[in-house]
Amino acid sequence: MFGRGEVLAALTAEAGALEGVLSRLSEAEAVVSTRCEPWDVAALAVHTVGALTRVEAMLDEVPPGPEVDPGTGLVSAAGYYAPDVRFSPRVNGERVRSAVEAAARRADAAEPGRVLRERWAALGPRLAAEDGARRVVTRHGDPMLLTDFLVTRVVELVLHGWDLADALGREPWTSAEALGLVVRLVFEGADRGAVERVFPGVWAGGAASEAAVRAVTGRSPAGSGGEARAALESAGVRFLALG
């Protein structure tokens, strides 16, 4: 289980750091290619900001009723990354197209940063005021605890934060709180000894934790293929389905 306070702290830290980067982008930086082809920095920024701010619309909807069994009916943060229709070619294609089109309509390179600042100014306090047991329904139809869905937003901000930082040639701005949550999501419940043999120091935080998460999310070749991947899968590591 993830604590509401720790999730909100991680989300706040990541949103603030990302806004600081995006609000100062130059047009030359906005058109730099990223590993998330065919997105350039501008399109990836639009997608990443949208992944967070869509929470607003979810909060405006009627929560799923109590007939959903909390033990079996709710989708967990890890379960959200299931390799099903949400990451199908059709859905991925729409995800890519919408971000490219939105980025093409931007007034200037810093627009995604301004949007994030304005939307988070309202969304942050709203999330802090929500009941810890609040449920939401994702756009894929998943009933989830709001806290668990917010964990997935931390994942989006951390991973795409690395994608943006790498494209821009900058040091990652990931907070310790956010990185710790992602490490727990991916590695908690796995055989610690087996994981440590592939990624020494994975639970220590900092560079070792980042390297491990990068590897199992396709952002580094280390430990992500062949025998190493087989060992990690056998150890119970979650390889998240990502678009």
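## Glu210 and its neighbours

Leaving aside residues up to four places away in sequence, Glu210 touches Trp162, Pro172 and Leu179. Keep in mind that this is a predicted model. Glu210 itself sits in helix H10, which covers residues 206-216.

Is Glu210 buried or exposed? Its relative accessibility is 19%, and the cut-off for buried is under 20%, so Glu210 counts as buried. Its side chain also has a polar partner: a contact of 2.8 Å links it to the side chain of Arg214.

## Arg170, out in a loop

Now for Arg170, which you'll find in the loop between H7 and helix H8 (176-187). With a relative accessible area of 30%, Arg170 is partly exposed.

What does Arg170 touch, not counting residues up to four places away in sequence? Val21, Glu29 and Ala165. With Glu29 there's a polar contact too, side chain to side chain, at 2.9 Å.

## How H3 and H7 pack

Helix H3 runs over residues 41-53 and helix H7 over residues 146-168; the two pack with their axes 10 Å apart, at an angle of about 165°. Angles over 145 degrees count as roughly antiparallel, so that's how H3 and H7 lie to each other. The crossing of H3 past H7 is left-handed.

Who meets whom here? On the H3 side you get Val41, Leu44, Ala45, His47, Thr48, Ala51 and Leu52, and on the H7 side Arg153, Glu156, Leu157, His160, Asp163, Leu164, Ala167 and Leu168. Sorted by type, the residues of this contact come out as nine nonpolar, three polar and three charged.

Conventions. Residues numbered from 1 in each chain as written. Predicted model: local features only at pLDDT ≥ 70, side-chain atom pairs only at ≥ 80, totals over all residues. Heavy atoms only, no water. Axes fitted to C-alpha atoms, helices over the stretch in contact; angles between N-to-C directions. Helix = DSSP H or I, 4+ residues; strand = E, 2+ residues; numbered from the N terminus. Parallel < 35°, antiparallel > 145°, perpendicular 65-115°, else oblique. Left-handed = near helix turned anticlockwise from the far one by under 90°. Contact = heavy atoms within 4.5 Å. Nonpolar A, V, L, I, M, F, W, Y, C, P; charged D, E, K, R; others polar. Buried < 20%, exposed > 50% of the residue type's maximum accessible area, 1.4 Å probe, protein only. Polar contact = N/O pair within 3.5 Å; in protein donor to acceptor, adjacent residues only side chain to side chain.
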